[in-house]
Amino acid sequence: MANRWVINASPVILLAKAEVIQFLPQLCDELVIPAAVVSEVHNVHISDAGKIWLAADGKNYVKPFSTIHPALANWRGGAGEAEVISWALQHPGFTAILDDRRARALAKGNGVMVLGSLRVIVIAKQRGFISKARPSL
């Protein structure tokens with residue numbers, strides 16, 4: 001089974017700060033970054049490693065998005081979370097990379113596999129992309 005990930009804004013920011021983001025495309029078979037996630041990362045008024053990565057290598061994984069899944073009709077969270085969860089619901093087999101507790105609960109409640117930033121760092125360590133997880137954590 002393919003290891004396909006759709007990632008939200010906070011993991012992009014955190015994994016970039018942890019200097020792990022460059023390994024994302026190698027940690028999964030397919031990586032998707034919904035357009036709203038890019039907007040959320042660019043909304044932050046500071047320059048950070050997440051913005052820099054999205055402007056460079058990350059832009060290759062950005063996908064346009066059109067329809068929010070009906071399961072998110074009452075969602076009062078961010079547009080990025082809505083697109084990440086909707087993508088996973090509309091494209092079976094995708095794991096949502098989310099850190100927000102409410103978004104994770106909603107995704108899991110709808111049968112979406114979920115990983116957080118910390119788990120991605122552990123996976124990078126297990127696969128030998130980083131020598132130690134603790135500095136990134």
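**Exercise 1. Which residues of helix α1 (residues 9–17) are buried?**

*Solution.* The model is a predicted one, in which local features need pLDDT of at least 70, side-chain atom pairs count only at pLDDT 80 or more, and totals for chains, interfaces and linings use all residues. Residues are numbered from 1 along each chain as its sequence is written, and side-chain values use heavy atoms, with hydrogens and water left out.

Step 1. Helices (H or I, at least four residues) and strands (E, at least two) are DSSP runs, numbered from the N terminus. Buried means under 20% relative accessible area, exposed over 50%, and partly exposed in between (1.4 Å probe, protein chains only).

Step 2. By this criterion, the buried residues of α1 are A9, P11, V12, I13, L15 and A16. An α-helix has 3.6 residues a turn, so residues three or four places apart point the same way.

Step 3. Contact means heavy atoms within 4.5 Å. The cover over the buried residues of α1 includes β1 (4–7), α2 (24–27), α3 (35–43), α4 (49–55), β4 (94–97) and α7 (117–126).

Step 4. Just after α1, E19 adopts a positive phi of about 60 degrees.

**Exercise 2. Identify the residues that touch the most other members of the largest nonpolar core.**

*Solution.* Step 1. A nonpolar core is a set of buried Ala, Val, Leu, Ile, Met, Phe, Trp, Tyr and Cys residues joined through side-chain atoms within 4.5 Å. In soluble globular proteins, nonpolar side chains tend to be buried together.

Step 2. The largest core has 47 residues, of which W5, V6, I7, L15, V20, L24 and L98 touch the most other members. Helix α5 (residues 79–90) supplies the largest share of this core, 6 residues.

Step 3. For L24, the contacts beyond four places in sequence are W5, I7, L15, L31 and V120.

Step 4. S117, found in helix α7, is buried, with a relative accessible area of 5%. Residues up to four places away in sequence not counted, S117 touches P11, L14, L15 and D99.

**Exercise 3. Determine the order of the strands in the open sheet and the sense of their pairing.**

*Solution.* Step 1. Two strands pair if DSSP finds at least two bridges between them. Strands of a sheet pair through backbone hydrogen bonds, either parallel or antiparallel.

Step 2. The 5 strands follow the order β3-β2-β1-β4-β5, and the pairing is parallel. At the edges stand β3 and β5 (113–115), each with a single partner strand, so one side of each is left without a neighbour in the sheet.

Step 3. Individual pairings may then be examined. β1 and β2 are joined by 3 bridges, and W5 has L31 as its bridge partner in β2. Strand β3 (residues 62–63) pairs with β2 over 2 bridges; here P34 is partnered by K63. Between β4 and β5 there are 3 bridges, with V114 of β5 as the bridge partner of A96.

Step 4. Strand β2 (residues 30–34) is mostly covered, as 4 of its 5 residues are buried.

Step 5. In helix α3, the buried residues are A36, V37, V38 and V41. Their cover includes β1, α1, β2, α4, β3 and α5.

**Exercise 4. How many salt bridges does the structure hold, and which side chains meet in a salt bridge?**

*Solution.* Step 1. A salt bridge is a side-chain nitrogen of Lys or Arg within 4 Å of a carboxyl oxygen of Asp or Glu.

Step 2. The structure holds 1 salt bridge, in which the side chains of E30 and R4 meet at 3.8 Å, N to O. E30 lies in strand β2 and R4 in strand β1, so the pair ties together parts that are 26 residues apart in sequence.

Step 3. E30 is partly exposed, at 30% relative accessible area; R4 is also partly exposed, at 21%.

**Exercise 5. Classify the pairing of the rings of W53 and Y61, and that of W87 and F94.**

*Solution.* Step 1. Rings of Phe, Tyr and Trp (its six-membered ring) pair if their centres lie within 6.5 Å; planes under 30 degrees apart count as stacked, over 60 as edge-to-face and the rest as tilted.

Step 2. There are 4 aromatic pairs in the structure. In one of them, the ring centres of W53 and Y61 are 6.4 Å apart and the planes lie at 5 degrees, so the pair is stacked. W53 is buried, with a relative accessible area of 7%, whereas Y61 is partly exposed at 22%.

Step 3. The ring centres of W87 and F94 are 5.9 Å apart and their planes lie at 90 degrees, so this pair is edge-to-face. Both W87 and F94 are buried, and together with F65 they form one aromatic cluster.
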